[in-house]
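Work through the exercises below with the sequence and the model open. Try each task before reading its solution.

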Amino acid sequence: MIPLQAAAMALVAFFALAVVLTREIVRLAMISSAYALTLVVLFVIFQAPDVALSELVVGAVAFPLVIVVAIVMQRGGE
Amino acid sequence: MTRRGRLALFAVSAAGLSALLLWAVAGLPDFGHFQGRYGATLNKVAVSERHATNVVTAIVFDYRGIDTLGEEFILFTSVIGVALLLRETRDETGRIHDAVRSDALRLVGIAFAAVLFTIGLYVVAHGPITPGGGFQGGVVLAGAFTLVYLAGDYRAYRGLTPQPALDFVEGAGAGGYAVIGIVSMLLGSAYLHNFGPFGTPGTLASAGTISMLNLATALEVTAAFVLLFTEFLEDLQLTREQSA
């Protein structure tokens, strides 16, 4: 494994831990989006651009969007 | 169980899990040395047989096209489920007011939506050629519509995405995929078998049914995600009205 790949994996591990340790839900939406972005970088480095694109649209766009809508609904639409 | 006991249990299981994981990772083939016969074969034949330079798309829409049909209908049924659950509880009000009042934000948002829409079309159209395809491009296209709403123009968003059109496009996308498979059968081959026309590899008009199935998927995914977002949005508005 070359250093770049190792660095990308370490970054993913770091953000994965951050997702688990985040308790506040708005922050969770943002941090999980950032985690998805690190996964995208990992997939690009491992030469899987198709998977990277799928992860980008689902993890960094669609999932946080649904979470944010859910948060607003749960707060009674403020 | 005491905190100490839980920590001890965690330490033991974490050590066990990481040992197993490291063992598994050490047994993986080196990067770029995949041994599977299936992958090597497809890499060799996809371009010459199907004229698709993106082998991933060729696999998704051709060699395992029937799995993708299943995935398509997973998305289709889940969106139907959401629509059924949420539409029942409200009547059409259409009284959502634009939350954003800043002209600058609107302008930038709409401009970005146009750029995003173009990127989405590009990703869809080049599915058989470069990384991307109907699914990824479809979500980007849906994201462009969402951006119109986020930039503050709910009326423009609903104008761009009328409910009957969304329902129709979603059904046409999912149904179109299945119908293309039936056309293969009418032409005397297996369900979803690629019948061409194959065109020149590397150009937009290539790869035969891969391009058509790619397009059907793009329609389905775009409409499904926009529909999903709209349903949540309308339900949100209902929550707001009830709490007001």
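**Exercise 1. A threonine and its surroundings**

Leaving aside its neighbours within four places in sequence, which residues is Thr146(B) in contact with?

This is a predicted model: local features need pLDDT of at least 70, side-chain atom pairs count only at pLDDT 80 or more, and totals for chains, interfaces and linings use all residues. Residues are numbered from 1 along each chain as its sequence is written, chains are lettered from A and ligands numbered from 1 in the order in which they are written, and side-chain values use heavy atoms, with hydrogens and water left out.

Step 1. Find Thr146(B) in helix 6 (residues 134–150) of chain B. Helices here are DSSP runs of H or I with at least four residues, numbered from the N terminus.

Step 2. List the contacts, meaning heavy atoms within 4.5 Å. Thr146(B) touches Leu65(A), Tyr157(B) and Phe229(B).

Step 3. Thr146(B) has 6% relative accessibility, so it counts as buried. Buried means under 20% relative accessible area, exposed over 50%, and partly exposed in between (1.4 Å probe, protein chains only).

**Exercise 2. The largest cavity**

Step 1. Count. The structure holds two cavities of 30 Å³ or more. On a 1 Å grid over the protein atoms alone, a cavity is a set of points where a 1.4 Å probe fits but cannot get out; lining residues have an atom within 4 Å of a point.

Step 2. Take the volume. The largest cavity has about 160 Å³ of space. Grid points are joined across faces, edges and corners, and the volume is the space filled by probe spheres set on the points.

Step 3. Name the lining. It has 14 residues, and those closest to the centre are Ala62(A), Leu65(A), Thr146(B), Phe225(B) and Phe229(B). Helix 3 (49–74) of chain A and helices 6 and 9 of chain B each give two or more residues.

Step 4. Sort by class. The lining has 12 nonpolar, two polar and no charged residues. Ala, Val, Leu, Ile, Met, Phe, Trp, Tyr, Cys and Pro count as nonpolar, Asp, Glu, Lys and Arg as charged, and the others, Gly among them, as polar.

**Exercise 3. The salt bridges**

Step 1. Apply the cut-off: a side-chain nitrogen of Lys or Arg within 4 Å of a carboxyl oxygen of Asp or Glu.

Step 2. Start at Arg50(B). This residue pairs with Asp62(B), the closest N and O atoms being 2.4 Å apart. The pair joins helix 2 and helix 3 of chain B, 12 residues apart. Both Arg50(B) and Asp62(B) are buried.

Step 3. Extend to Glu49(B), which meets Arg50(B) at 3.8 Å, N to O. Glu49(B) is partly exposed, with a relative accessible area of 40%.

Step 4. Finish with Arg64(B) and Glu71(B), which meet at 3.2 Å, N to O. Arg64(B) is partly exposed at 25%, and Glu71(B) is partly exposed at 43%.

Definitions and conventions: 1 Å grid on protein atoms, 1.4 Å probe; cavity = no way out; pocket = protein on both sides within 12 Å on 5 of 7 lines; lining within 4 Å.
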